[in-house]
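Walk through this structure one piece at a time. Keep the sequence beside you as you read.

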Amino acid sequence: MKVFCGRANPTTGSVEWLEEDEHYDYHQEIARSSYADMLHDKDRNIKYYQGIRAAVSRMKARGQKALVLDIGTGTGLLSMMAVTAGADFCYAIEVFKPMADAAVKIVEKNGFSDKIKIINKHSTEVTVGPDGDMPCRANILITELFDTELIGEGALPSYEHAHRHLVQENCEAVPHRATVYAQLVESRRMWSWNRLFPVHVQTIHGEQVIVPPSELERCPGAPSVYDIQLNQVSSTDFTVLSDVLPMFSVDFSKQVSSSAACHSRQFEPLASGRAQVVLSWWDIEMDPEGKIKCTMAPFWAQSDPEELQWRDHWMQCVYFLPQEEPVVQGSSLCLVAHHDDYCVWYSLQRTSPEKNGGVYPARPVCDCQAHLLWNRPRFGEINDQDRTDQYVQALRTMLKPDSVCLCVSDGSLLSLLAHHLGAEQVFTVESSAASHRLMKKIFKANHLEDKINIIEKRPELLTSADLEGKKVSLLLGEPFFTTSLLPWHNLYFWYVRTAVDQHLGPGAVVMPQAASLYAVVVEFRDLWRIRSPCGDCEGFDVHIMDDMIKRALDFRESKEAEPHPLWEYPCRSLSEPQHILTFDFRQLVPPHPLRAEGSINLRRGTTVAGTPTASRLCTSSPHRTAEHRWVAPGLSATLWSSTPTPETSPWISPWLMGADPHLLKNKVAPGLWALNGVAFWEAR
């Protein structure tokens, strides 16, 4: 059965009606899942296996049958481990139907159908009793319900319900315990992902400073965690202000509460500075003695850095304090971890909450609009002074005293730069009401509310009256659009430039004037694992899952790129950058698709381990080769990147040796396997 789905095309700005398979959402969910990444996490698998063996052995030593409840079974891997370890029976719960169906087949293929029952329900819907899903309560609870924040996937409510309704009192649990750790740091780079800094503009009249509105300075920011690969953050990017502090633990073998709570730790700062950011991670202990431990600690907090594990399904957390606070070395403070049933946040207090009358800060909620409109990399872009200086340098060469400027980018400061650099009149287009309100606040804070005209409508709908009957002499764009979920969606600027052509005066200048698309073949050190087939996992055949994911990828996802901030994912280039296409924004969008094809020569000795898919680069052989063929079939498949900057995407790694220097400064969109196609662009 086919269904019609309306979908906005971020590149063209138009709504397109597409015929989709009725199970399209399932295909997309499976294709974007992290099942393969988890199963490639050998450290995780081994520690779970060891913990399960120990739990089954303890239950058998008591003379009891080992009855296992596995919540969130996925492929059924942990249940199969439990039966192999001697469990008498397993009830494996999986709410996602395609995965539950695959688990049934995987369990059957591995010969465990008589010992494992797959239950396709949410755990809170499972019933116990003679006519229920389980005849009796289990005495061993196995789960893998964790995300980077530990509790973000609803682990606490699931454990709470399981202890009340599904497992026996004093049951065994794998993992047995989790502990959340935190470390207070000062980091201008990370703080720039959460706050708008003053922007300095050098003009012929001296330095002008664009200041943030007071609402932005007071705003506690977005409540969501920022999960990143902390191991790729340079130690020079932050100053440690505290030791690593154990903030709270959860014992999964006992009744768990999902109620809101807070946990404080008193500490003395190691150095004086400005407390801005809390770095956080967790570990899980698979046994009561804590001998079998799986940790997410970054390299500087590892007892043995040689055992550092790479994983993308569990990373580390960056939390921003509601306000930066001055701290003095040796002067006692309290770091407080707050959580509800799904989220964690932190505050810094001079005394413990208990001594302060039990007053706890509320969960931070953005009230300035900026944190709702700009993501963390976008804040970093705007705060990058080098990037601003490049725009200023370009504007100086294009602006004239009588220039009429039209800025087309969401929430951009280009309009302020154009005004300070001497444009006669400046218009800026904001498509959303929220973005319109935010820019009005910024203009008011800088006393420019009467100097810059904000137009709240889609740029394609502009009329001569919106521009007060004037012709535009300079069309500006970063380009940046909040609807650009994938990097190349910023080609929307070209479509806008075409739509507003009637409003451009003779000799009007467009900035940027053009953009060029490049590609390079790379080999990732680790990122390939998120899409690589697993085959056998700890001795269990999971090919059925591989086939399911491949079918889902082939449905559509394998034809599209995935945007990744590559400074988090070390890789090495296997080719020189290859020019693919140039888009000339001085001209209108052509009526025919743009197409280019050619080849990329790989360095000698390179083994091809996969095929880049994002721009449909293809090869005739999966073995040793000196050349890759590529095809760029049109704008809809073209790779596009956000404006690259060293501040927001410093693609710099000691493992990336011999790559073109230009590559070290770009956020890019790679392909899917061990050998990948990476695309980046440069605007001019």
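S187 counts as buried, because its relative accessibility is 1% and buried means under 20% relative accessible area (1.4 Å probe, protein chains only). This is a predicted model, where local features need pLDDT of at least 70, side-chain atom pairs count only at pLDDT 80 or more, and totals for chains, interfaces and linings use all residues. Residues are numbered from 1 along each chain as its sequence is written, and side-chain values use heavy atoms, with hydrogens and water left out.

Find S187 in the loop between strand 8 (177-186) and helix 7 (188-191). Helices (H or I, at least four residues) and strands (E, at least two) are DSSP runs, numbered from the N terminus. The S187 side chain reaches the backbone nitrogen of M190 at 3.1 Å. Beyond its neighbours within four places in sequence, S187 is in contact (heavy atoms within 4.5 Å) with D237, F238 and Q276. V277 is 90 residues from S187 in sequence, yet their C-alpha atoms are 6.9 Å apart.

Now turn to the nonpolar cores. Such a core is a set of buried Ala, Val, Leu, Ile, Met, Phe, Trp, Tyr and Cys residues joined through side-chain atoms within 4.5 Å. The largest has 117 residues, and L69, F146 and Y346 touch the most other members. Strand 15 (residues 273-285) gives the most to this core: seven residues. A second, separate core has 38 residues, including V201 and I442.

P98, M99, A102, K105, I106 and K109 in helix 5 meet H543, I544, M545 and M548 in helix 15.

Conventions
Buried means under 20% relative accessible area, exposed over 50%, partly exposed in between (1.4 Å probe, protein chains only). A polar contact is a pair of N or O atoms within 3.5 Å; within protein, one must be able to donate a hydrogen and the other to accept it, and residues adjacent in sequence count only if both atoms are side-chain atoms.
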